Structures are given as structure tokens and as C-alpha cells.
Amino acid sequence: MAARLAILRAVTLDVGGTWLTVRPSVGHVYAEMAAAWTGRRFEPARLTRQFVHAWRRRPDFDHSRAAWMEIVDETFAGLVSAPPSRTFFGDLYRRFGQPDVWRVDPALPELLGWMRSRGLRVGLISNWDLRLRPLLRALGLHDAFDVIVISAEVGFAKPSPAIYLRAADQWNLNPHEILHVGDELLHDFRGARQAGFRAVWVRPGLAGPTHMAIGSLSQLPDWLRQTGLASRMGT
Ligand SMILES: [Mg+2]
């Protein structure tokens, strides 16, 4: 009962797939790098498909450089004579640390302002490597968040409750006073709830909020109103 009626004091956002996506696509960036190295053309759509396949085979992906190397080699299997790990992987890895291959959801700045104006603290909880913090700085977003918890820095990854509790500890808040927003059912929605957080699942394309999901970040204020949390938010 206490948790149900508790005030919502903070919101944590996932990063990749929730408000940050590759532009124009993973396949385009991979094709560009491979072309620069081999002088040949690669079909971005095919590379994206092979990347997605390699990604989905690794539910316990640890976001290390070695793990990325395996994914990139698998994505290019049968398409290049020498695996990228022996050729252009280093260039590709650095490329994804640069801000211009990323697209920030245009709804993010307004949402951050809306949450701040209602007294909410805002943070990030992300399974990412050590490139994330410099990337956030390059995007001009690092200082927009009070708390940033990154798996590679803390040694725990979602869905472990430990990574969520790290954020709660940094704010000195109870988990049920925090709402986590993210696009992966297991890592974000279930992981957060297991840690005692509230959670809402981001399912791109969903027309409007349901009790557990929103179609994009821009629907978060409506979801908060519909769940009644909007009247119980703030410091
Ligand atoms: Mg995500």
C-alpha cells in the first residue's frame, strides 16, 4: 500500500533504442566502413539484417570490445575475405563513439524540461561500454542527467537489480520512488520491477499508452496522467 501511494521522485531512462538510435542505420555505417577498407560496395539492408541476427543470438551480451568484435565478424561472415577483427574493426568501433552516427529522439529535450518543471530527478541506466560517457558529452547531454549508471563502469548489467539499486543509492531514494523507462522487456521492464522500481516499456510504434507500455518517449506525460502518477510527483 505504501509503495502504491508513494510519491514519484525520479525517472531513469535507458539509452539505446529508447531515445538514441543509429542513423541512418547500423547497416549504413557498417557498409561505409567496409567500403572504405575494401573499395567494394555493401548492401546496408543486408548488413543490418545480419547484425540483428548476430545481436539476437546474444541475450547475455556483455558490451565489451571483444564481444562487439564477435558481432561485427559474424555480421560480415561470407562477405569479406578477412574478418573485420583483423582489418577495419578498430575504425568501426571508434566510429560509433562519434556523435554524428547517432540520432537523439527529438522529444527528449522537451520531456526533460517537463520532468524538471515537475520536480523530478532524471537519470540514465544503460548497458553500454566506456564510450557512452564521452558520447553523451559530445551530444551535449551529459549534464542533463543527475545520475548516470553505465554497466561497464559499475560491473553490473541490466537486468541485474544491482545496477538499478546503484541509481537509487546515488539519489538516496527508495526504489519504488523511481520509474524506469526502457525498450527491452527483460532488461528494462522486468529488471527494473525486480529491483522494486516502477517501470514502463517503450515499444516503438505503439499508437498510445497502455497500462505497461508507451510508443515513444513523447507519450510518457500522458502515461503518467493515465496511471495517476502525475498527481503524485516531485521532490
Ligand atoms: Mg535499450
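In which sense do β6 and strand β7 (residues 198-202) pair, and over how many bridges?

1. The structure is a predicted model. The protein contains 11 helices and 8 strands. Its C-alpha trace extends about 60 × 35 × 30 Å along the principal axes.

2. On overall dimensions, a compact globule of 235 residues would have a radius of gyration near 18 Å, and the protein's value of 19 Å therefore agrees. Of the 235 residues, 32% are buried. Among contacts between residues at least 6 apart in sequence, 56% join residues at least 24 apart.

3. Strand β6 (residues 178-182) is mostly covered, with 5 of its 5 residues buried. Ile178, His180 and Gly182 point one way from β6, whereas Leu179 and Val181 point the other way. Burial applies to the residues on both sides of the strand, His180 included.

4. Strand β1 (residues 10-13) pairs with β6 in the parallel sense, over 4 bridges. Within this pairing, Leu13 stands opposite Val181 of β6.

5. As to the opening question, the pairing of β6 with β7 is parallel and comprises 4 bridges. Val181 has Val200 as its bridge partner in β7.

6. In summary, β6 has parallel pairings with β1 and with β7. Val181, a buried residue of β6, faces Leu13 and has Val200 as its bridge partner in β7.

Terms used:
Residues are numbered from 1 along each chain as its sequence is written. This is a predicted model: local features need pLDDT of at least 70, side-chain atom pairs count only at pLDDT 80 or more; totals for chains, interfaces and linings use all residues. Helices (H or I, at least four residues) and strands (E, at least two) are DSSP runs, numbered from the N terminus. The radius of gyration is taken over C-alpha atoms; the globule rule is 2.2 Å times the number of residues to the power 0.38. A residue is buried if 20 or more other C-beta atoms lie within 10 Å of its own, exposed if 12 or fewer, and partly exposed in between; C-beta atoms are placed from the backbone. Two residues are in contact if their C-beta atoms, placed from the backbone, lie within 7 Å. Two strands pair if DSSP finds at least two bridges between them.
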